[in-house]
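Let us take a walk through this protein together.

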Amino acid sequence: ILSTEQFSLPKVFSTGVDLQQAHNLAIGIGLQNFPEGLAVSVPLKAAGFSTFDSFFWGQASGMVEPIAGIIGVICVTLVEQILSIALSFAAGAMIWVVCNDIVPEASAYNHTRLCSIGVIVGFVVMMCLDTALA
């Protein structure tokens with residue numbers, strides 16, 4: 001699944017935005033990476049992996065992003081017309097993962113309310129950051 005930062009970083013480089021916009025994008029990516037790493041590490045720990053192994057594989061899952069980011073830079077510079085379609089696909093894929101995998105997993109452990117609150121708070125924080133930093 002392609003993540004949005006693999007298309008956002010190339011957009012920053014290819015459109016010539018200023019350093020403040022790139023800084024704001026980096027903050028958003030950093031905030032998004034925490035739950036992404038948790039989504040990998042926590043199920044591994046629950047499945048019996050050691051804390052070190054869970055942490056390692058959570059980190060390793062993010063190592064593909066710089067490589068895909070470079071590929072994204074090349075793709076965006078070659079075919080800028082597909083950027084909006086690619087961003088839409090990536091956002092839809094991320095929402096599908098949350099709805100299909102993460103929410104049912106939380107429901108299986110009777111954490112439905114906490115999961116719903118987390119989704120709402122995360123959405124509100126990102127919308128506020130999008131509005132404030134845009």
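Predicted model: local features only at pLDDT ≥ 70, side-chain atom pairs only at ≥ 80, totals over all residues.

The protein has six helices and zero strands, so if you read along the sequence, the pattern is α-α-α-α-α-α. How much of the protein is buried? Of the 134 residues, 19% are buried.

Let us begin with helix 4, which covers residues 64-78. Now turn to its burial. Which residues of helix 4 are buried? They are Glu 65, Ala 68, Gly 69, Gly 72 and Val 76. Around the axis these residues cover an arc of only 110°, and therefore they sit on the same side of helix 4.

Next come the aromatic rings. A pair of aromatic rings is described by two quantities, the distance of the centres and the angle of the planes. With rings paired if their centres lie within 6.5 Å, the count comes to two aromatic pairs. One of them joins Phe 52 and Phe 56: the separation is 6.4 Å centre to centre and the planes are 20° apart, and the pair is stacked. Both residues belong to helix 3 (residues 51-62), where they are four residues apart, about one turn of the helix. The rings of Phe 56 and Trp 57 make a pair as well, with centres 5.0 Å apart. Is this pair stacked or edge-to-face? Its planes stand at 80°, so it is edge-to-face, given that angles over 60 degrees count as such. Taken together, Phe 52, Phe 56 and Trp 57 form one aromatic cluster.

How accessible are the residues of this cluster? Phe 52 has a relative accessible area of 60% and is exposed, because the cut-off for that class is over 50%. Phe 56, at 39% relative accessibility, counts as partly exposed, and Trp 57 is partly exposed too, with a relative accessible area of 43%.

Our last stop is the surface, where a nonpolar patch has about 1000 Å² of accessible area together. Its members include Ile 27, Leu 31 and Phe 34, along with Ile 117, Val 121, Met 126 and Leu 133. Helix 2 (19-46) and helix 6 (112-133) each supply at least two residues of the nonpolar patch. Which helix gives the largest share? That is helix 6, with nine residues.

Let us look at a few residues of helix 6 in turn. Val 121 lies in helix 6 and, at 46% relative accessibility, counts as partly exposed. Met 126 also has its place in helix 6; its relative accessible area is 33%, which makes this residue partly exposed. The C-alpha atoms of Met 126 and Gln 32 are separated by 8.9 Å, although the two residues are 94 residues apart along the chain. Ser 116 is another residue of helix 6, and at 36% relative accessibility Ser 116 counts as partly exposed. Val 103 is 13 residues from Ser 116 along the chain, and their C-alpha atoms are separated by 7.9 Å.

Definitions and conventions
Residues numbered from 1 in each chain as written. Heavy atoms only, no water. Expected span 1.5 Å × (residues − 1). Buried < 20%, exposed > 50% of the residue type's maximum accessible area, 1.4 Å probe, protein only. Arc of directions from axis to C-beta. Phe/Tyr/Trp six-rings, centres within 6.5 Å; stacked < 30°, edge-to-face > 60°. Patch = residues over 30% accessible without salt bridge, like charges linked within 9 Å, V, L, I, M, F, W, Y side chains within 5 Å. Areas by Shrake-Rupley, 256 points an atom, 1.4 Å probe, with all protein chains shown as cover. Salt bridge = Lys/Arg side-chain N within 4 Å of Asp/Glu carboxyl O.
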